[in-house]
Amino acid sequence: MTYDILVLGSGPAGLAAAVAARGRNKSVLVIGNRWQDSPLAKAERVDNFLGLPGRTGLEMLGEFHRHAEALGVEFVVGRALSLLAWNGFSVTVGSQVCQGRTMVLAPGVVRADKYPGEAEFLGRGVSYCATCDGMFYRGKPVAVVGLAPDAPAEANYLKSLGCQVVYVSPHRPEGLDGDIPVVRSGAVAVQGEQTVTGLEAGGTVLPCNGVFILRRAVAPTDLLPNLETADGAIQVDRSMATNVSGVFAAGDCTGGPLQVSKAVGEGHVAALSACAYLDRETSRITTTEGEKT
């Protein structure tokens, strides 16, 4: 199924965008981590959201999510790992490909600097998706840098393919296959020549052909390299449109203030702008087809 709007992010901005789009009768798929894992869910009390004072972050997000579900918003839980912008947008989430005509980026702030060598060897041994690229490393040594809750399962999957897996993390995680060795380290560096040859971790170099860096979220600029940013924030106009046609952004990813009310307002505007974009595209296609006949 091709949705009218793909929303990347299940926090306040993404859910507000989804609700506003459903109000315009557009089909919406929200892609993101479990809403219970949102940073807002850890807030003990939120007093500055109009009309809903005194809620915990978990209570507020629960109300937002139930509102979206009641309106028919659909959800896929997982990380957006890759994005193809052609004839709409195709987003890979694990082994699933989700398609949409427009997109609203609302991933929050991806608080992670790249490791040394990560950007240089992306696509040449560095990957963000074990399910996507694991088969290329059957029988070969790989390192998994586990920074996401599903990283142990991804490492287990690589082992099941026949990869020689080493897991790198400050602590041994639950759910990791007992046969997978763990190198305890929080700082790593990718090494290589034309392609990856090793990962420096824990004061030693682990020889490997592939490095899977599994964070909670992939930065929007890794999904859309031509996306314009400034000081780490996605650049948008007053309609929340980015420089990429058909792509809008809202919430913390567009910069401060990092407030729920700002995220919700921007999400609403982004969705209405995406709906207007869809309506213009539909009208343009209808007019073109009419001229041909």
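Tutor: Helices (H or I, at least four residues) and strands (E, at least two) are DSSP runs, numbered from the N terminus. The model is predicted, so local features need pLDDT of at least 70 and side-chain atom pairs pLDDT 80 or more, while totals for chains, interfaces and linings use all residues. Residues are numbered from 1 along each chain as its sequence is written, and side-chain values use heavy atoms, without hydrogens and water.

Let us look at helix α1 and what surrounds it. Helix α1 packs against helix α2 (residues 57-70) at an angle of about 25°, their axes (lines fitted to C-alpha atoms over the stretch in contact, with angles from 0 to 180 degrees between N-to-C directions) lying 9 Å apart. Because angles under 35 degrees count as roughly parallel, α1 is roughly parallel to α2. In contact (heavy atoms within 4.5 Å) are Pro12, Leu15 and Val19 of α1 with Leu61, Phe64, His65, His67 and Ala68 of α2. Of the residues in this contact, 6 are nonpolar (Ala, Val, Leu, Ile, Met, Phe, Trp, Tyr, Cys or Pro), 2 are polar (the others, Gly among them) and none is charged (Asp, Glu, Lys or Arg).

In the loop that joins α1 (12-23) to β2 (28-32) sits asparagine 25, whose phi is near 65°, a positive value in a residue other than glycine.

Notes. Parallel < 35°, antiparallel > 145°, perpendicular 65-115°, else oblique.
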